[in-house]
Each structure stands twice: as structure tokens, then as C-alpha cells.
Amino acid sequence: MPQISQILETYASQFFWLLIVFGLIYFTIGHGMLPKIEASMDARDRKIADDLAAAERARAEADNLGDSGAADLKAARNEAQAKSSAAKAKAAKDADARLAKADAEISTKVAASEAALSKATAKALSGIETVAAEAAADIVAKVSGAKVTSAQAAKAVKAVMSHG
Amino acid sequence: MAGESGKIDPMYQFKIEPLAQLQLAGYDVSFTNSSLFMILVLGALWLFMWGGMKRDLVPGRWQMAVEGVAGFVNNMLTSSVGPEGKKYVPLVFSLFMFILMANFMGMMPFGIVPGVHPFTVTSHLTITAVLAVISFGTVLIVGFWKHGLHFFSLFVPHGTPWWLLWLIPLIELFSFLIRPFSLALRLFVAMTAGHVLMKVLAGFVINGLNAEAAWVPLVVSIPSFILMIGITLLELLVCAIQAYVFALLTSLYINDAVNLH
């Protein structure tokens with residue numbers, strides 16, 4: 001077994017080179033490179049934790065905003081409903097009032113027209129009597145040649161018209 | 001490697017051969033094949049870590065692998081020592097990665113190049129002993145630094161009955177002092193035994209193919225080859241497990257030193 005049979009000849013060389021190599025590993029790799037690698041691992045872990053915390057905060061904020069948004073929306077809808085029902089009520093009232101006013105105007109106009117109509121009718125009726133009397137007098141004059149006064153003719157027309 | 005008379009020596013792979021002679025203060029510190037593989041391990045480890053240094057926010061595959069190992073060691077120390085364990089991450093990471101890379105480097109198929117064979121640094125008692133001493137020394141230094149002489153209370157567990165006070169500390173002291181030996185021997189034995197087994201099976205395959213009788217390759221070489229595939233996979237698993245065990249035990253021992261049970 002060379003490990004034991006050669007031990008006296010080789011131990012110095014083995015110790016010497018091992019101490020050099022292990023020293024280099026310990027100081028340049030263990031204390032030089034390893035801390036940098038661990039630092040980048042820590043930095044990544046911290047970044048991930050920070051990002052997660054930020055995302056959690058943003059989520060909570062969004063939840064809050066959603067809640068208040070829903071409340072705002074509800075209030076606005078209520079307000080809009082109140083406004084629209086008030087406007088409807090007002091419009092109905094206005095329409096009633098205008099309708100009533102128009103009714104009144106129309107009925108006065110109707111009454112005036114009726115009055116004018118009856119007056120005109122009366123006037124026409126009296127006109128007809130005169131025309132009829134004149135016509136009767138003319139007819140009498142043409143038929144019999146007798147002269148009838150308009151008073152006599154009017155009297156005769158009146159008598160006929162009242163009879164029939 | 002074939003020795004004399006066509007035999008395959010499964011121990012040859014552990015032989016240390018000097019590649020360049022070097023003397024320092026009267027000691028022979030020649031650059032050997034073992035030193036070469038340590039340098040290779042250092043290079044491979046450096047390359048691996050360099051690939052993970054991009055420091056992207058969204059890691060690529062390589063960065064993910066490096067961060068996975070770093071996070072694994074970090075997690076091991078925080079779970080066994082607590083938040084104070086972060087201080088020892090560089091040490092345990094260096095131990096873990098050095099052992100893991102050395103184990104894997106010894107499994108690389110460099111043997112396909114004639115005259116080259118892989119060398120497993122961690123299959124040498126001298127290496128594992130130094131690693132165990134580093135681990136155990138850290139425990140002693142941290143323990144006495146943090147707790148002073150109170151560190152000896154480690155040998156008196158909570159709830160020890162007064163009439164056992166003469167025995168329990170003795171047992172605890174022995175189990176404490178045996179730690180570096182068990183750390184060193186476990187790694188050394190596991191790597192040596194696995195590599196010897198693989199070499200023996202490889203010898204079966206090659207010697208069976210070279211045999212005169214035609215039935216030998218069929219009966220010996222093919223089953224050995226199939227078994228060897230399984231053993232190789234198992235050995236790769238052992239490479240990772242031994243590195244993990246070394247790192248885990250080191251972090252548990254550091255826990256003793258930091259928290260005193």
C-alpha cells in the first residue's frame with residue numbers, strides 16, 4: 001500500500017502542496033468568490049420578497065378601490081333615480097297645468113263661437129223674413145199686378161212662417 | 001497498470017511519483033503526480049466557481065449549479081449550527097468542494113491516454129489527515145476562543161447522574177479525541193477501497209480477455225465488466241457521499257464548539 005509504505009518519503013511534499021492548494025481554495029474561493037455568489041443569492045431573495053410585498057400591497061389597494069367604487073356607483077345610481085323621478089313628476093305636473101289652461105282657452109273660444117253662431121243664425125233668420133217678404137211682394141205684383149206694401153208682405157210672410 | 005509478468009497491481013494507482021524534484025529547508029517537497037492532481041482540482045474548482053460568477057438576477061444553468069452547491073453548504077451549516085454557522089461557510093465549502101472535486105478527479109477516465117492514470121488525492125492518508133486536522137483544529141480554536149475553559153463542559157452532557165461523573169467525561173473525551181482519526185480514516189478507506197475494487201474488476205476483465213481458453217472471456221470478463229459498470233456508478237455516489245459526510249460532520253463538530261451541546 002503506497003499510502004503507508006511511501007509515507008515517510010512523501011509526507012512533506014503532500015503537506016506542502018495540500019496547504020498551498022487548500023489555502024488558495026480557502027482564501028480565493030471560500031472568502032473571495034463564495035461571498036459574492038451568496039450576495040447575489042441574497043439580493044435575488046430580497047428582490048423576490050420585496051416584489052411579493054409590493055404586489056400584495058397593490059392588491060389590497062385595488063380591493064379598497066373596488067369597494068369604494070362600488071359604493072360610489074350605488075350612490076350615483078340612487079341620485080340619478082331620484083333626479084329622474086323628480087323630473088318625471090315635474091313634467092307630469094307641467095303637462096297637467098298646460099292641459100288645464102288649454103282646456104280653459106278652448107272652452108272660452110267654443111263659447112264665443114257658439115254665441116256668434118247663434119247671433120248669426122238669428123240675424124240670418126230675420127234676414128230671411130225680409131227677403132221672403134220682398135220676394136212675396138214681387139211675386140204678388142207679377143201675378144196679380146196688385147201693389148203690396150212691404151209691411152203687408154212682411155205680415156203675410158210672418159203669418160205663413162209661423163204656421164208652417 | 002501491468003507490472004512484471006503481466007500482472008495487474010491494483011495498488012499501483014496510489015503510488016506517488018515525483019515529477020520535479022524540489023527541496024525546501026531540508027524537506028523533500030517535490031512536485032508529484034499528487035501535487036499535479038491537487039492543482040487540477042484547484043483549476044477545476046476555480047473554473048466551476050468562475051462560471052457561476054455572472055451574478056444574473058435570473059440565473060443560467062451554470063450559475064444555478066454553483067448557487068445550488070453554495071446554498072446546500074449554507075443550509076447545512078444553518079441547520080446544524082444556527083445563524084452563527086454562516087461564519088464557517090467558507091471553510092466547510094472549501095473542504096466539501098475540495099474533497100468532492102478530488103474524488104471526482106480520481107474517477108476521470110484519463111487512463112485512455114497511454115502512460116497516464118488518474119490519481120485520487122483523497123485516497124492518501126497524509127491528505128485526509130491534514131483535512132481532518134483542519135476540521136478538528138477549527139473546532140478546538142473556536143471552542144476555546146468562545147468559551148475558554150468552559151469548553152470542557154462539552155464532556156459533561158446535561159443530565160449526567162452524579163455517580164457516573166467519573167465515567168461519562170472519560171467516554172466523551174475519547175469520542176471527542178477520536179473524531180479527527182475517524183474523519184481522516186473514513187475518507188481514506190472509502191476512496192482506497194473503491195478504487196482497489198474497480199482496479200481488481202478491471203484486472204478480471206483484461207486478464208480474462210487475454211486468457212488462452214475461449215470460455216474465460218465469456219464467463220469472467222463479461223460479468224466482471226457488467227459488474228464494473230455498477231461499481232463505477234456506486235463509486236461516483238460514494239465520492240459525493242464521502243464529501244458530504246466530511247462536510248456534515250465538520251459542521252456538527254463546529255456546532256459542538258459554538259453551542260456546547
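1. First, a term: a salt bridge here is a side-chain nitrogen of Lys or Arg within 4 Å of a carboxyl oxygen of Asp or Glu. Glu67(B) makes one with Arg44(A), and their closest N and O atoms sit 2.8 Å apart. The count between chain B and chain A is 1 salt bridge.

2. Some ground rules. This is a predicted model, where local features need pLDDT of at least 70 and side-chain atom pairs count only at pLDDT 80 or more, while totals for chains, interfaces and linings use all residues. Residues are numbered from 1 along each chain as its sequence is written, chains are lettered from A and ligands numbered from 1 in the order in which they are written, and side-chain values use heavy atoms, with hydrogens and water left out.

3. How many residues of chain B are in contact with chain A? It is 50 residues of chain B against 34 residues of chain A, contact being heavy atoms within 4.5 Å. Together the two chains bury about 3,900 Å², 76% of it on carbon and sulfur atoms; buried area is the accessible area (1.4 Å probe) that two parts lose on being put together, summed over both. Leu42(B), Arg55(B) and Thr126(B) supply 14% of the area that chain B buries against chain A, more than any other three residues.

4. On the polar side, 12 residue pairs are in polar contact between chain B and chain A, both at pLDDT 80 or more. A polar contact is a pair of N or O atoms within 3.5 Å; within protein, one must be able to donate a hydrogen and the other to accept it, and residues adjacent in sequence count only if both atoms are side-chain atoms. H1(B) gives the largest share of the side of chain B that touches chain A, 9 residues.

5. Now for H1(B) itself. Helices (H or I, at least four residues) and strands (E, at least two) are DSSP runs, numbered from the N terminus. H1(B) covers residues 33-51. Its buried residues (under 20% relative accessible area, 1.4 Å probe, protein chains only) include Phe37(B), Met38(B), Val41(B) and Leu42(B). Among the elements they pack against are helix H2 (7-144) of chain A and helix H4 (125-147) of chain B. At the start of H1(B), a side-chain oxygen of Thr32(B) comes to within 3.2 Å of the backbone nitrogen of Ser34(B).

6. Last, Ser251(B), found in helix H7 (residues 215-259) of chain B. Ser251(B) is buried, at a relative accessible area of 0%. Leaving out residues up to four places away in sequence, Ser251(B) touches Met76(B), Leu77(B), Ser80(B) and Val81(B).

Methods: Buried < 20%, exposed > 50% of the residue type's maximum accessible area, 1.4 Å probe, protein only. Expected span 1.5 Å × (residues − 1).
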